[in-house]
Amino acid sequence: MSMQRFNEALVALRNKWNLTQKEFARALGISQQYLCDIEKGRALPTVRFVEKLIACSPGWSVNWNVLAAQAHGWKV
């Protein structure tokens with residue numbers, strides 16, 4: 001459930017900016033496959049990935065740190 005919330009917020013951000021996975025992955029400095037795996041719930045976000053999201057989405061009303069922690073199963 002928590003990973004789903006992270007995935008949904010990530011896809012919502014990408015869609016808000018009207019970017020393809022390839023474009024968004026390039027902007028974040030990650031592979032398209034890794035982004036796809038995170039969006040589909042096949043991979044968990046790393047700390048570095050979350051830091052990149054925070055840096056590229058100032059003002060976005062999502063607490064990426066909390067969502068990522070919850071995706072990993074931490075109770076926050």
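Is F24 buried or exposed? With a relative accessibility of 1%, F24 counts as buried, where buried means under 20% relative accessible area, exposed means over 50% and partly exposed lies in between (1.4 Å probe, protein chains only).

This is a predicted model, in which local features need pLDDT of at least 70, side-chain atom pairs count only at pLDDT 80 or more, and totals for chains, interfaces and linings use all residues. Residues are numbered from 1 along each chain as its sequence is written, and side-chain values use heavy atoms, with hydrogens and water left out.

A word on confidence comes next. The mean pLDDT (the predictor's confidence in each residue, from 0 to 100) is 86 for the chain, and 95% of the residues reach at least 70. Helices here are DSSP runs of H or I with at least four residues, numbered from the N terminus. Confidence is highest in helix α3 (residues 32-40), with a mean of 95, and lowest in helix α5 (residues 64-71), with a mean of 80.

Now to the rings. The structure contains 3 aromatic pairs; rings of Phe, Tyr and Trp (its six-membered ring) pair if their centres lie within 6.5 Å, and planes under 30 degrees apart count as stacked, over 60 as edge-to-face and the rest as tilted. W17 and F24 make an edge-to-face pair, at 6.1 Å centre to centre and 80 degrees between the planes. W17 is partly exposed, at 34% relative accessibility.

Y34 and F49 are also edge-to-face, because their ring centres are 5.7 Å apart and their planes stand at 85 degrees. This pair links distant parts of the chain, with Y34 in helix α3 and F49 in helix α4 (residues 47-56), 15 residues apart. Y34 is partly exposed at 22%, while F49 is buried at 1%. Ring pairs join F6, Y34 and F49 into a cluster.

Technical notes
Helices (H or I, at least four residues) and strands (E, at least two) are DSSP runs, numbered from the N terminus.
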